[in-house]
Amino acid sequence: MRIHHLDCTTMCPLGGPLVDAPGSLLTRGRMVCHCLLIETPSSGLVLVDTGFGLDDMRDPVGRAGRAFVALTAPKMDPAQAAISQVRALGFSPSDVRHILLTHMDLDHAGGLADFPSARVHVMQDELDEALDPKSFGSRGRYKSAQWAHGPSWCTHKPSAGERWFGFECVRALEGLPEEILMVPLSGHSRGHAAIAVQSGGLWHLHCGDAYFHHGELETAYRCPTGLKVFQRIVAYDDALRRANQGRLRDLVSAHGREARVFCAHDPTELSRAIDA
Ligand SMILES: [Zn+2]
C-alpha cells in the first residue's frame, strides 16, 4: 500500500518561541495538519484525518470561531484542502471510500463534507462526545457544521480487539485491509485514537494529537512551553493523555526500527516522513 503524507492546513500559532520558532512572543510559529492518503489494493483510497475543508476555508471565522482563527491563523488555502490534493494526485474525490479520524476536533474533521460518500471510522466515545458535548471544553472543540451532511459513521468500542506493541483493544476496521488498525489512545479527547498502517515492511503510526512535538517521544522528554501548557489545558483526561504518551515513548525506544511514529501537527515530523 502506498502512503502519501499531506499537509492539509498550515497553522501559524501566536507565540513562536513557545511553539517552535525563535523570536519574540509576537512571532508566529508553524504547525501542519499531517494527513495520510493511502492507496489500498481493494478498498479504494483511505484518508486519515482531513484538516480543514473547503467550507471552512470559505468562512474561517464563521466555521472555526474568532478565537481559534486569531490564535492559530490557519492559512485556509483551498489548494491545501485534502480534496484538492487528492485531485492533484490524479484521483477523484469519490475514490476516497473510507476516512479514519484520530478524533473529531475542528482541525481534523473539517474536510469530511468534501467526501460525502466516504464511510467515516471513529471511536464510539469520540462520536458520542462530539454529537452531544457534555462540557464547556467539548462544546468549543467540536463543530457540528462539519458533519451536518450526515456521514456514514462506522464506530468502534475500546472493549474488544488485540494487543499490538503493548497497546490494547487494537482492531482492524470493517471493509479495510488488516494492515490498517485503529489504536485507542484516549486523553487528548474522550475517544482519541491512533491509526497504524503497515507498508513497506514498516508500521506507520499516525498519533493525531496524542503529542505535539517530536521531542516529547525522545528518551529525554522535551517540549516547548506553549505546547506543553496547551496540551494540558485542552486534554479531556490529562492523566490518561500523559500515560498514553509514555506508552508511545516506550514504543519508540523498544521498536523504533519497526514503527515510524508521528503526530498531526509537527512540521519536522512531516518533513521526515516525506523525505523517508
Ligand atoms: Zn489538532
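Reply: Helices and strands here are DSSP runs, a helix having at least four residues and a strand at least two, numbered from the N terminus. On that basis the protein chain of this predicted model has 11 helices and 12 strands. Its radius of gyration is 17 Å, close to the 19 Å that the globule rule gives for 276 residues, so the chain is as compact as a globular protein of that length. The C-alpha trace spans about 50 × 45 × 40 Å along its principal axes.

Of the 276 residues, 55% count as buried. Among contacts with a separation of 6 or more, 64% are between residues 24 or more positions apart.

The largest nonpolar core has 39 residues. Those with the most contacts inside this core are Phe 52, Val 96, Ile 99, Leu 101, Met 104 and Phe 115. Helix α5, covering residues 82–88, gives the most to the core, with three residues. Phe 115 can be followed residue by residue: leaving aside residues up to four places away in sequence, Phe 115 touches Leu 47, Ala 82, Ile 83, Val 86, Pro 93, Val 96 and Ile 99. Two of these partners, Val 96 and Ile 99, are themselves listed with the most contacts inside the core.

The chain carries 28 positive and 32 negative charges, whose mean positions are 3 Å apart.

Note on methods
Residues numbered from 1 in each chain as written. Predicted model: local features only at pLDDT ≥ 70, side-chain atom pairs only at ≥ 80, totals over all residues. Heavy atoms only, no water. Rg over C-alpha atoms; globule rule 2.2 N^0.38 Å. Buried < 20%, exposed > 50% of the residue type's maximum accessible area, 1.4 Å probe, protein only. Contact = heavy atoms within 4.5 Å. Lys, Arg positive; Asp, Glu negative; His and termini not counted. Charge placed at Lys NZ, Arg CZ, Asp CG, Glu CD. Core = buried A, V, L, I, M, F, W, Y, C linked by side-chain atoms within 4.5 Å.
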